[in-house]
Amino acid sequence: MTRRAMLITLLALPSTAIAQDALAQVMAALAAIRESQARFVEEKDLPELDRPLTSRGTLSWRAPDRLEKHTSEPFEERLLVEGDRLLLERPDRGASQTVMLDTAADIRPLVEAIRATLAGDAATLRQYFQLDFSGDLARWRMVLTPLSARVLAAVQRIVIEGEAASVLVVETQGREGRSRLMATPLR
Amino acid sequence: MNRLLRFLPLLVALAVLTAAFPMVLRHITLRSDISDFLPEARSREAAFLLHELRQGAATRLLIAGIEGGPTADLARVSRAMAATLGDSGQFAIVANGAPRIDDVEVALLFAHRYALSPVASPDAFTETALREAFEALLDGLRSSAEPLLRRFGFADPTGAFIGLLRSWSGETRVATEQGVWMAEGPRALILAQTRAAGLDTEAQRGAADAIRAAFAAADPPPGVRLLLSGPGVFASEAAAAVRADVKLVSTLSFLLVASFLFWRYRSPMMLAVVAVPLALGTLAGLVAVDWVFGHVHGAALGFGMTMLGVCDDYPILLVTNRAPNEALRDTARRIWPTLRLAVAAAVAGLMPMLASGFPGLAQLGLFAAAGLAGAALSTRFLLPLLLPPEGLPVRALPERAAHVLLRLPELRIPVLAALALVAVALAFAGGPRLARDIADLSPVPEAVRALDGVLRHQAGAPDVRVVLSVTAADAEAALRASESAAAVLLRSGTIAGLDHPARYLPSAETQRARVSFLPDAATLAAQVDAARAGLPFRATAFTPFVDGMAEARRLPPLTIADLAEAPLLTARLSPLLRQEADGWRAILLPEGIRDIAALRAAAATISGLLLVDVKAETGVLLDQGIATALRWGAVGGVLVLLLLGAGRGLAGGLRIALVLAGALLLTFATLHAIGEEITIFHLTAALLLAGVGLDYALFIARTGQEDTEDAARALGAVITCMVTTLLTFGLLALCRTPVLHATGLTVCIGVASAFLLACTLAPRPASP
């Protein structure tokens, strides 16, 4: 290693270390929450459509691995992820679909982006994403870039913003289209 | 010590022969597949059926079941095994759940979606239909399933591609749990089709081992078990069953025969005396069969072991018939004409097996014939050289038993009357019952076949009772023929469904027709614009749809030559469409047959369509086998009669023939009475019993001119022969392997009858 490179490494170290420290604090705070609920509003902006699609509902989280997204507008829908199983139900049509995340390499990272964040599990996040953290415990922002080229082809990045132990915004930027989910913690 | 020295030549000969066995066995190939026991085909239906039994896709299919734990564990093991097996390269297909389709194949099928999909009808692209499709798409985009929908939604809003995939998986009835097939139990299921042919027993065994290894490598939790079924398993289970039977029988019968001989001859040496011709005969049989057929069937070898009961007759007859003060080589010379006649007649009786059309039975026949000849020759020429001139001491039979047996001829008239009665009774009962199920011939144990049935049923593999097939000069013509046949059959209402190759790859003609219905780009664009009015779609949203259809209209039809990049389609297609020596064959499998006669009638209206009723056709094959056996049996019978007539004159020949005919009659009457169904194995065993019975009749009634002492000695020799035969064949009757069981039972009953009849019909003793 040249002296110059060593210098750069030494200079870079403190700021990285500080970010690592804040990330650890945020993850610890998130991990301490065993159960939470939030109202959400989601806006999808698709290039094929001339106006965004809006949906509303509630999000429920229960550690270690149960996440439910219950949409009430514009129609009833339940998306439940628990363990390795993803269940999607449309009660108005009597339709339900189960996907095993083990066999769905494209879907798993998208699920873990939210679930592992809520669980405060940075190791799992790093398994699927490059993780760029900024801010501090009071107000933080994580940019997740998929590691798998296949996933990257569909989703460029997922940005998650929050305050302390609350996730407030999940923004997904796809090659075609963008969705922004805003959560308001209940309780 | 001195006694032992006198037997030194015998023991040395025996040691040499014992050493020869491993050497010979190393050079011959052992096989155990069922197809060696199937007759040759005489009709188109039979040829097709035999081809399927020997090489059909089903013969390459292994089914694994994993059970004995919670679904999560089973699913994990199933996934791990499927991954290992998929990477092993031994299997063309490994499936453990809904099929995974790779991107390259998706691209190919997607491009051809309008040609391949049955959903693509002309009215799928009207304004009304498009409006409905667009509304459904919008609804989906609002849902959380939106990321999944985006992939095809705008390029294929009418769902031609999804419809195509659904039409394929329509026939799968297995429930999926945790992403893998999970039948009741719970039991996770894996299907694996080998690349190797079903007849390649070594490769099939290797495939079964690979599955067991993959199971072990998947680190199954305690209590989780693997069930496995398929030809590879059948082959090894059958071999194991035959081997276990043979091992048990040969051990037990060796002990029983040894004790009996020790009692009768007061010396363990008699065993060695019997062993020499037996070993030579078995070696001769093995070498002859391997030389003629290139391999030896496991059951033929098992049968060879039963020759213990036949071949040991010869040395026993030699030693026991020695008159006091006669040198053994003089005895050999004295009894040789009778022995020669007996062996020649037995070999003549076995000849029909060689012509039966069942390679397996031909092997049995050759094995026995070569073995008998080898044993007889060694008895005549080798044994007298190896033994001291005085032979072995013989213990006299109990006086009373001999007395009773020698007086049996007085019962001649009542016995003949009884035989006539039995014949009439059997004729009135409709003759012996014939077995019609090919499974009765299989050396595969019952439990293994039952497991196979259960797994096949659970895996959704239809129980194929009726198979339809059509051949054509090329693949396109075969596909066209199966399309038109499918249309007629489905319209006839005789079946609920039909699986056929054009379901997966429509003929080029049909593909062209479907594409010709597609609207041109301008028309479609106008319909799309009209349909999206009032919906939030941008003007460009459906450009991929319009462009994709224009592309589809330009693409040439997908043909069988283009499928290199479509493994999933190939996997569906290949069992139903294949190239044969003189063209292509399409196979159509009906489901839910409502009326077989009506289906047959509907099928008859389609030229070139072959309908094979598997069960009925199998019965025809078996009947044909039995008819052949009977025909050649009659020829054998005539040969035996001619030989006997030449050896003993007309009256003597007829007397012996009557013993044999009576024994056969009593045997089949007894088999009928105890509820046995007659298979080809019983019939050929009957031929063998005729050969054995012949010895008894010939030796008991050698000339009718001997004195009482001679007659008693001859009787004693034959009784010894019969007891040893009963001891070995009696045990065979207890075997599970059908061929061994049938042979054992038939010969046992027959030998006892033949002996008693031989005593009864013997010429009356010269002195009262």
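This is a predicted model: local features need pLDDT of at least 70, side-chain atom pairs count only at pLDDT 80 or more; totals for chains, interfaces and linings use all residues.
**Salt bridges**

Over all chains, the structure holds 34 salt bridges.

| Residue with N | Residue with O | N to O separation |
|---|---|---|
| A:Arg139 | A:Glu163 | 3.0 Å |
| A:Arg178 | A:Glu171 | 3.7 Å |
| B:Arg480 | B:Glu476 | 3.2 Å |

In chain A, A:Arg139 forms a salt bridge with A:Glu163. This pair links distant parts of the chain, since A:Arg139 belongs to strand β8 (residues 139-146) and A:Glu163 to strand β9 (residues 155-163), with the two residues 24 apart. A:Arg139 has a relative accessibility of 41% and therefore counts as partly exposed. A:Glu163 is also partly exposed, at 38%.

A second pair in chain A brings together the side chains of A:Arg178 and A:Glu171. Are these residues buried or partly exposed? A:Arg178 counts as partly exposed, because its relative accessibility is 33%. A:Glu171, at 19%, counts as buried, because the limit for a buried residue is under 20% relative accessible area.

In chain B, the side chains of B:Arg480 and B:Glu476 meet in a salt bridge. Both residues lie in helix α20 (residues 475-492) of chain B, and they are four residues apart, about one turn of the helix. B:Arg480 has a relative accessible area of 36%, so this residue is partly exposed. Elsewhere, in chain A, salt bridges with shared partners join A:Arg62, A:Arg66, A:Glu68, A:Arg78, A:Glu82 and A:Glu89 into one network.

**Helix α25 of chain B**

Helix α25 of chain B spans residues 596-604, and its buried residues are B:Leu599, B:Ala602 and B:Ala603. Why do these buried residues line one face of the helix? Viewed down the axis of α25(B), they fall within an arc of 100 degrees, so they line one face. The face turned away from the buried side of α25(B) carries the exposed residues B:Ala597 and B:Ala604.

What covers the buried residues of α25(B)? The cover includes several elements of chain B: β9 (466-472), α20, β10 (495-499), β12 (583-593) and β13 (610-613). Among these, α20 is also the helix that holds both B:Arg480 and B:Glu476.

The N-terminal end of α25(B) is capped by B:Asp595, with a side-chain oxygen of this residue 3.1 Å from the backbone nitrogen of B:Ala597. B:Ala597 is also one of the exposed residues on the face of α25(B) turned away from its buried side.

Notes:
Residues are numbered from 1 along each chain as its sequence is written. Chains are lettered from A and ligands numbered from 1 in the order in which they are written. Side-chain values use heavy atoms; hydrogens and water are left out. A salt bridge is a side-chain nitrogen of Lys or Arg within 4 Å of a carboxyl oxygen of Asp or Glu. Buried means under 20% relative accessible area, exposed over 50%, partly exposed in between (1.4 Å probe, protein chains only). The arc is that of the directions from the helix axis to the C-beta atoms. Contact means heavy atoms within 4.5 Å. A polar contact is a pair of N or O atoms within 3.5 Å; within protein, one must be able to donate a hydrogen and the other to accept it, and residues adjacent in sequence count only if both atoms are side-chain atoms.
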